[in-house]
Amino acid sequence: MNNLINENGIESMDVRLGDTVVASDGSIGKIVKFCGCEECLSRGFKEVCFQWNSGGECWITSYDKNAGFKLYYQIGEYRWPEHVDQEALANRILSAEGEITSANNKKKNAIRLLAIINGLIDIGEED
Ligand SMILES: [Zn+2]
């Protein structure tokens with residue numbers, strides 16, 4: 001367990017390896033390590049490294065902490081609904097829907113191509 005203690009040492013925050021991190025745009029990752037450098041130890045805030053589910057690593061730095069974790073919706077058990085970027089989330093949902101639609105279209109095209117090859121329908125015939 002690692003404590004994230006604010007500058008005043010009042011509020012403490014417990015996060016663990018494997019905890020979920022959700023960015024304000026809805027990107028998801030999990031905590032993979034904590035920084036143990038002298039600076040972090042003297043500040044009382046160990047910078048957090050997490051890995052995006054989509055690949056790649058990112059650090060939650062002392063700067064992020066001082067900015068109130070504005071770029072994050074969730075870190076471990078802590079959530080900041082006010083940090084959700086509605087527009088970015090809406091765009092992510094739209095682009096995910098776009099991917100599903102294009103996958104459906106590819107499947108449709110493959111089925112149509114197969115039907116043409118098998119002589120089941122004429123080329124140019126609309127379904
Ligand atoms: Zn450090």
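This is a predicted model: local features need pLDDT of at least 70, side-chain atom pairs count only at pLDDT 80 or more; totals for chains, interfaces and linings use all residues.

Start by selecting Val15, Val21, Ala23, Ile31, Val48, Phe50, Ile60, Tyr72, Tyr73 and Ile75: these 10 residues make up the largest nonpolar core. A nonpolar core here is a set of buried Ala, Val, Leu, Ile, Met, Phe, Trp, Tyr and Cys residues joined through C-beta atoms within 7 Å. Buried means 20 or more other C-beta atoms within 10 Å of a residue's own, exposed means 12 or fewer, and partly exposed is in between, with C-beta atoms placed from the backbone.

Residues are numbered from 1 along each chain as its sequence is written.

Next, color the strands (DSSP runs of E, at least two residues, numbered from the N terminus). Six of them form an open antiparallel sheet in the order E6-E5-E4-E3-E7-E8. E6 (57–60) and E8 (78–79) sit at the edges with a single partner strand each, so one side of each has no neighbour in the sheet. Strands count as paired if DSSP finds at least two bridges between them.

Now click on E3. Val21 and Ala23 are on its covered face, Thr20 and Val22 on the uncovered one. Val21 stands opposite Ile75 in E7, while Val22 has Ile28 in E4 as its bridge partner.

Last stop: Gly26, in the hairpin of E3 and E4, takes a positive phi near 95°.

Notes
Helices (H or I, at least four residues) and strands (E, at least two) are DSSP runs, numbered from the N terminus.
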